[in-house]
Amino acid sequence: MSILKVALRLAAAAALAATISAAASAAVYPPQRQLAAQLISDFKSSPNSLLQQYPTGGAQMISRVRDLGASDPTTLPGLIALLKDPATNNDQMRAIVAGLAQVARMAAQSDAAFANEIQTAIAGTGNADVIAAYQAAIGDVAIAATGGTGGGGSTGGGGATGGANSSSTTFGNNGTQNTAPTSTGSVTSATSSVSPR
């Protein structure tokens, strides 16, 4: 095989790898919705500034975290580092987790690999409070197939539907009690409708 053929094959392989890498790190937001490059750069150079900017967490911090993660996936390590930082208070932790959960939900539609990356990074914190907050924020929706880590899980279903001895049953992962009726009865017909998301 000639040197030229080998060089062409290596160049093609490098181009393919660059394309795959670019696709895996593509933003969830379309370009017109992404944060300004300077805001992203400022965050990446000093993630702790987010804690100073939003000392009590809240809706504005949730929005900023969501916008950072959806504008540039390379902000994820900085956001996860904040979850591990002892300077992050509980309100800030919940806001960061809620923002990341929103990004994961959006990414599940367009970039399942990034949704998995978020979920895996949350699980990788090893912090039970962070993981529980993520599960609560993501709800009962399995966003990605990661083998049970993070916020995935069952969508629930079934449970007590009647009878004199019925009690409450927990559906799914969210811990919400569902109390069944105490009278006996039966369902004669049911109609279900499924609409696309």
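Axes here are lines fitted to C-alpha atoms, for helices over the stretch in contact, and angles between N-to-C directions run from 0 to 180 degrees. With that in hand, welcome to a predicted model, in which local features need pLDDT of at least 70 and side-chain atom pairs count only at pLDDT 80 or more, while totals for chains, interfaces and linings use all residues. Residues are numbered from 1 along each chain as its sequence is written, and side-chain values use heavy atoms, with hydrogens and water left out.

**Overall layout**

- The protein has eight helices and two strands; helices (H or I, at least four residues) and strands (E, at least two) are DSSP runs, numbered from the N terminus.
- Along the sequence, the elements follow the pattern α-α-α-α-α-α-α-α-β-β.
- Of the 197 residues, 31% count as buried, where buried means under 20% relative accessible area, exposed over 50%, and partly exposed in between (1.4 Å probe, protein chains only).
- Among contacts (heavy atoms within 4.5 Å) between residues at least 6 apart in sequence, 59% join residues at least 24 apart.

**The pair α5 and α7**

- Two packed helices are described by the angle between their axes and the distance between the axes.
- For α5 and α7, the angle is about 20 degrees and the axes are 10 Å apart.
- That makes α5 roughly parallel to α7; angles under 35 degrees count as roughly parallel, over 145 as roughly antiparallel, 65 to 115 as roughly perpendicular and the rest as oblique.
- The crossing of α5 and α7 is right-handed, a term used if the near helix is turned clockwise from the far one by less than a right angle, with anticlockwise giving left-handed.
- On the α5 side, Leu76, Ile80, Leu83 and Lys84 take part, and they meet Phe114, Glu117, Ile118, Ala121, Ile122 and Gly124 of α7.
- The buried residues of α5 are Leu76, Gly78, Leu79, Ile80, Leu82 and Leu83, and their cover includes α2, α3, α4, α6, α7 and α8.

**The largest nonpolar core**

- A nonpolar core is a set of buried Ala, Val, Leu, Ile, Met, Phe, Trp, Tyr and Cys residues joined through side-chain atoms within 4.5 Å.
- The largest one has 35 residues, of which Leu50, Leu83, Leu100 and Ile118 touch the most other members.
- Two or more residues of this core come from each of α2 (37-45), α3 (49-53), α4, α5 (76-84), α6 (90-110), α7 (112-124) and α8 (128-138).
- Helix α6 gives the largest share of this core, with nine residues.
- Leaving out residues up to four places away in sequence, Leu100 touches Val65, Leu76, Leu79, Ile80, Leu83, Ile118, Ile122 and Tyr134.

**Phe114**

- Phe114 lies in helix α7 and is buried, because its relative accessible area is 1%.
- Residues up to four places away in sequence aside, Phe114 touches Val28, Gly69, Pro73, Leu76, Val103 and Ala107.
- Phe114 and Ala70 are 44 residues apart along the chain, and their C-alpha atoms are separated by 9.9 Å.

**Salt bridges**

- The structure holds three salt bridges, each being a side-chain nitrogen of Lys or Arg within 4 Å of a carboxyl oxygen of Asp or Glu.
- Lys44 and Asp72 form one of them, at 3.5 Å from N to O. Lys44 lies in helix α2 and Asp72 in the loop between α4 and α5, so this pair ties together parts that are 28 residues apart in sequence.
- Lys44 is partly exposed at 41% relative accessibility, whereas Asp72 is buried at 16%.
- Arg66 forms a salt bridge with Asp67, with the closest N and O atoms 3.3 Å apart. Arg66 counts as buried at 19% relative accessibility, and Asp67 counts as buried at 17%.
- Arg94 and Asp91 meet through their side chains at 2.6 Å, N to O. Both lie in helix α6, three residues apart, about one turn of the helix.
- Arg94 is partly exposed at 44% relative accessibility, and Asp91 is partly exposed at 39%.

**More on Arg66**

- Arg66 belongs to helix α4 (residues 58-71).
- Neighbours within four places in sequence aside, Arg66 is in contact with Tyr29, Gly99, Gln102, Val103 and Met106.
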